[in-house]
2 protein chains.
Amino acid sequence: MCAVFKERDAPLKRERVAVLAGGGELPVHFLKKAAEKNIEAVVIGIKGEENPAAIKLASRYHKVKFSSITKIIGLLKKEKINKLVFLGYIRHTEVLKPGNLSLDLRAMKVLLRAADLRTAPLMNEIIKELEGEGIRVLPTTYLMEGLLAPAGAAGRVRPKGRALKDAEFSFKMASELARADIGQTVVVKNGVVVAAEAQEGTDECIRRGAKIAGPGFVAAKAARPKQDLRYDVPVIGIKTIKLLKELKAAGVVVQAGKTFLLDREEAVKTADRSRLFILGR
Amino acid sequence: MCAVFKERDAPLKRERVAVLAGGGELPVHFLKKAAEKNIEAVVIGIKGEENPAAIKLASRYHKVKFSSITKIIGLLKKEKINKLVFLGYIRHTEVLKPGNLSLDLRAMKVLLRAADLRTAPLMNEIIKELEGEGIRVLPTTYLMEGLLAPAGAAGRVRPKGRALKDAEFSFKMASELARADIGQTVVVKNGVVVAAEAQEGTDECIRRGAKIAGPGFVAAKAARPKQDLRYDVPVIGIKTIKLLKELKAAGVVVQAGKTFLLDREEAVKTADRSRLFILGR
């Protein structure tokens, strides 16, 4: 058969994909999965968010400013890669520093097209620009479906009574916040939202909430009601679970199937030992 | 004429009203207005939020725990007052302290009836309970319409360019936050919501936002899209304007006709001197 003949004689063509890598552990998790599947991953790292572990795992590593859309497209063409995954966060605070908004013409065009500078309108325009160049932006969950939080309790602890009510309510409020594209995280106790996240990050929001509410609070992290899986998928990992343990939280609620629960085994072990629930909703 | 005869001979009956007074300056402003109009104001002060200036201005002062609905109704009946104004804030954090949720049966009933413990569902149930006893809850703006923020620029500074865009966007985002009944305040810079308020209060939210965004940010404070004027009407005063000046804000946006702009003359003078806008939307 022709196909068999080809497979035998032609050099094996490895699948190739590019990663636009922001901060956090997500790019590293992806690169490990890619290595397992023998997929070649070229990393385009955002300046200021370089991760040594990602650099080590990448087949090639380029560094760009987050605002250099022309350069990103140029690199992908040079690498002859037409599949791109956005992974890791880009701190909006970077956008706010004077001098950092030195956009190239293309970035400027994208920016002007966006209704406003919230993540969703901005990312949609960036994706449009890339797809116009034949570059397909893959969902963040590509190769990583197994790392998404499951529905229900991830560990042995299940919320009950007041904690269960707070879990339901906090998830609803986190979804509202995400719908407005302001943030993903809220902290709730006794039916009161004590802290809502914008740009300070999950951990700082949780610290603030814990300070106001005291022990027994519930944190929730949610995706937008219509989350585009190609960017900004919520992430939670062992670092946050350890923080919740330290601050004596009752538990945490995340959106099942739309939130990465990284380092799951260790996270669940830590949560179980602290009588802390991890609930997928 | 009969009416004239009555006015001359019957003892002049002063209008009487009760104030359920939480923290902040609003009860004091109200009591001054009441004195100007020769209206007798009995103050029921929330324990932990006592304001010496309000105590001094009240015709009589009672102290209650915020959770003692039975006692509040009892006091109003004893005082023979059937008009009540809610003024000043009750910190939700109080609700979260163990031991403070020692509700009387009536408060318990109200609490169970509320869909959740956010301000709107809770206050609606409390108002229903009071009105069932023939007590009318007056709008917070009663006697104080003159203290509401006007539409347009309150001072000489008007937002332009990027600041105007941020003013529009921040007001929209603050309204979204208020719609979800999470908080009233956001801080925006360059189209990014850097901070959103929940229970930490306006000033702390502004400090956090300023730290992330740096000078030139815009703060916005909004009412709920369908604000019930009987409770939780947003307030801004000289203290916040001075903070905005210190942190080098571009300006502040408030909801015209639904936000109290207290100490207006001093606030506008301070804002004008700092090239800071106060915009009513």
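1. Which side chain does R208(A) meet in a salt bridge? In this predicted model, the partner is E200(B), with 3.9 Å between N and O. Two salt bridges are found across the interface of chain A and chain B, and two residue pairs there are in polar contact, both at pLDDT 80 or more.

2. The side of chain A that touches chain B draws at least two residues from each of α5 (92-96), α8 (161-179), β8 (192-196) and α9 of chain A, and α8(A) gives the most, with six residues. By residue type, that side of chain A divides into 16 nonpolar, five polar and nine charged residues.

3. As for extent, 30 residues of chain A are in contact with 30 residues of chain B, and the area buried between the two chains is about 2600 Å², of which carbon and sulfur atoms give 70%.

4. On symmetry, chain A can be laid on chain B with an RMSD of 0.0 Å by a turn of 180° and a shift of 0.0 Å along the axis, which is the relation of a two-fold axis. The same surface serves both copies, in that 100% of the contact residues of chain A recur in chain B. Of the residues of chain A, A196(A) comes closest to the rotation axis, with its C-alpha at 3.1 Å.

5. E200(B) deserves a paragraph of its own. This residue is placed in the loop between β8 (192-196) and α9 (202-213) of chain B, and with a relative accessible area of 11% E200(B) is buried, because the cut-off for that class is under 20%. Within chain B, the side chain of E200(B) reaches the backbone nitrogen of A198(B) at 2.9 Å, and a polar contact of 3.0 Å joins the side chains of E200(B) and R208(B). If neighbours within four places in sequence are left aside, E200(B) is in contact with V194(A), R208(A) and I212(A), and also with C205(B) and R208(B).

6. Over all chains the count comes to 42 salt bridges. One of them pairs D203(A) with K239(A), the closest N and O atoms being 3.2 Å apart; since D203(A) lies in helix α9 (residues 202-213) and K239(A) in helix α10 (residues 238-246) of chain A, the pair ties together parts that are 36 residues apart in sequence. D203(A) counts as buried at 17% relative accessibility, whereas K239(A) is exposed at 62%.

7. In chain B, D181(B) forms a salt bridge with R224(B), with 2.7 Å between the closest N and O atoms. D181(B) sits in the loop between α8 and β7 (185-189) and R224(B) in the loop between β9 (218-221) and β10 (235-236) of chain B, so this pair links parts that are 43 residues apart in sequence. Both D181(B) and R224(B) are buried. Elsewhere, in chain A, salt bridges that share partners join R16(A), E40(A), R60(A) and E79(A) into one network.

8. A salt bridge within one helix is found between the side chains of E176(B) and R179(B), at 4.0 Å from N to O; because these residues are three apart in helix α8 (residues 161-179) of chain B, they are separated by about one helical turn. E176(B) counts as partly exposed at 26% relative accessibility, and R179(B) counts as exposed at 51%.

Notes:
Residues numbered from 1 in each chain as written. Chains lettered and ligands numbered in written order. Heavy atoms only, no water. Least-squares fit on C-alpha atoms with pLDDT ≥ 70 in both. Contact = heavy atoms within 4.5 Å. Buried < 20%, exposed > 50% of the residue type's maximum accessible area, 1.4 Å probe, protein only. Polar contact = N/O pair within 3.5 Å; in protein donor to acceptor, adjacent residues only side chain to side chain. Buried area = accessible area lost by both parts, 1.4 Å probe. Nonpolar A, V, L, I, M, F, W, Y, C, P; charged D, E, K, R; others polar.
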